[in-house]
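I opened the notebook to go through one chain and write down what I looked up. The structure comes first, the entries after it.

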Amino acid sequence: FNSICSSRHSPVFGPAARTLAPMASSLEAAKAALGEQRFFDGVQSINAAVEAWEAKFTAAHSDLPASEKMDILRIPEEWLNKMSAKLTDAEKQELAQMFALRAQLLAGLGAQKRAVVDIGAALMLAPDDAALLKVKEAVEAKGVEEEAATQSKTPVTIITGFLGAGKTTLLNHILHESHGKKIAIIENEFGEVGIDDKLLNT
């Protein structure tokens, strides 16, 4: 990823200048977190970087379409549709890199649907960027892996409750319902005299 505070950019003064240092440090922290697989920390850092980027962008433009603060993260595609005409090529590149980084961090957390949204936003800004297309492929592949892993797991439900709450009645209903599923029950009953094992109609 290109550094946001690269010397290629023109000097910035005023309120926008105060956002550059925290934006750059948050971005570097997010990159480091991705490399170390600290995905939750990375998402927090990239969110802070995007928030600082939005503050810089808002300070630099006085005639922006109406939007709520942090819409850039909540509804990125809608935000981009509103603001794309105001974005310079450099701003598009910066933002695309941040969305791509956020997508990778979210994919690492297992938030595949949201990761797809973010890499989609990045590609709205730079549709022909080969690096972003590779990130998209990686995010989608991660989603396929997660789905396959989920399907191979055995779902478990724990039923607890006070005496007379209806636990055994519920279990009997599940056992006799025609749902086509195989059910295994592990019962952990306290007390000297077992009751539920006699009440369950297996």
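**Entry 1. The chain**

I noted at the start that this is a predicted model. I looked up the secondary structure and found nine helices and zero strands. Along the sequence I read the pattern as α-α-α-α-α-α-α-α-α. I then checked burial: 33% of the 202 residues count as buried. For contacts between residues at least 6 apart in sequence, I found that 55% join residues at least 24 apart.

**Entry 2. Helix 2 against helix 5**

I looked up the packing of helix 2 and helix 5 and got an angle of about 160°, with the axes 9 Å apart. Angles over 145 degrees count as roughly antiparallel, and the two helices are therefore roughly antiparallel to each other. The crossing of helix 2 past helix 5 is left-handed.

I listed the contact residues next. Helix 2 brings Phe39, Phe40, Gly42, Val43, Ile46, Asn47, Ala49, Val50, Trp53, Lys56 and Phe57. Helix 5 meets them with Glu91, Glu94, Leu95, Met98, Leu101, Arg102, Leu105, Leu106, Gly108 and Leu109. Sorted by class, I have 14 nonpolar, three polar and four charged residues in this contact.

**Entry 3. Helix 5 against helix 6**

I took the next pair, helix 5 (residues 89-109) and helix 6 (residues 112-125). Their packing angle is about 165° and their axes are 8 Å apart. That makes helix 5 roughly antiparallel to helix 6. I recorded a left-handed crossing for helix 5 past helix 6.

On the helix 5 side I wrote down Lys92, Leu95, Ala96, Phe99, Ala100, Arg102, Ala103, Leu106 and Ala107. On the helix 6 side I have Gln112, Arg114, Ala115, Asp118, Ile119, Ala121, Ala122 and Leu125. The classes come to twelve nonpolar, one polar and four charged. I noticed that Leu95, Arg102 and Leu106 of helix 5 are listed here and also in the contact with helix 2.

**Entry 4. Helix 4 against helix 6**

I looked up helix 4 (residues 76-83), which packs on helix 6 at an angle of about 15° with the axes 9 Å apart. Helix 4 and helix 6 are therefore roughly parallel to each other. Helix 4 passes helix 6 in a crossing that is right-handed.

From helix 4 I listed Pro76, Glu77, Leu80 and Asn81. These meet Arg114, Val117, Asp118, Gly120, Ala121, Met124 and Leu125 of helix 6. I counted the classes as six nonpolar, two polar and three charged residues.

**Entry 5. The core**

Which residues touch the most other members of the largest nonpolar core? In this core of 39 residues, I found Ile46, Trp53 and Leu95. I then looked at where the core comes from: helices 1 (15-35), 2 (39-60), 3 (71-74), 4, 5, 6 and 7 (130-151) each supply at least two residues. Helix 5 gives the most, with ten residues.

Leaving out neighbours within four places in sequence, Ile46 contacts Leu27, Ala30, Met98, Leu101, Arg102 and Leu105.

**Entry 6. Ser45**

Is Ser45 buried or exposed? I read a relative accessibility of 17% for Ser45, which counts as buried. Ser45 sits in helix 2. With residues up to four places away in sequence left out, I found Ser45 touching Ser26, Ala29 and Ala30. Ala30 is in the contact list of Ile46 as well.

Most residues other than glycine have a negative phi. I therefore noted the two exceptions below.

- Gln37 is not a glycine, yet its phi is positive at about 60°. I placed Gln37 in the loop between helix 1 and helix 2; its relative accessible area of 58% makes it exposed.
- Met70 has a positive phi near 70°. I placed Met70 in the loop between helix 2 and helix 3; its relative accessible area of 16% makes it buried.

**Entry 7. Ala184**

Ala184 is exposed at a relative accessible area of 75%. Its C-alpha atom is separated by 9.5 Å from that of Val156, 28 residues apart along the chain.

Note on methods:
Residues are numbered from 1 along each chain as its sequence is written. This is a predicted model: local features need pLDDT of at least 70, side-chain atom pairs count only at pLDDT 80 or more; totals for chains, interfaces and linings use all residues. Side-chain values use heavy atoms; hydrogens and water are left out. Axes are lines fitted to C-alpha atoms, for helices over the stretch in contact, and angles run from 0 to 180 degrees between N-to-C directions. Helices (H or I, at least four residues) and strands (E, at least two) are DSSP runs, numbered from the N terminus. Angles under 35 degrees count as roughly parallel, over 145 as roughly antiparallel, 65 to 115 as roughly perpendicular and the rest as oblique. A crossing is left-handed if the near helix is turned anticlockwise from the far one by less than a right angle, and right-handed if clockwise. Contact means heavy atoms within 4.5 Å. Ala, Val, Leu, Ile, Met, Phe, Trp, Tyr, Cys and Pro count as nonpolar, Asp, Glu, Lys and Arg as charged, and the others, Gly among them, as polar. A nonpolar core is a set of buried Ala, Val, Leu, Ile, Met, Phe, Trp, Tyr and Cys residues joined through side-chain atoms within 4.5 Å. Buried means under 20% relative accessible area, exposed over 50%, partly exposed in between (1.4 Å probe, protein chains only).
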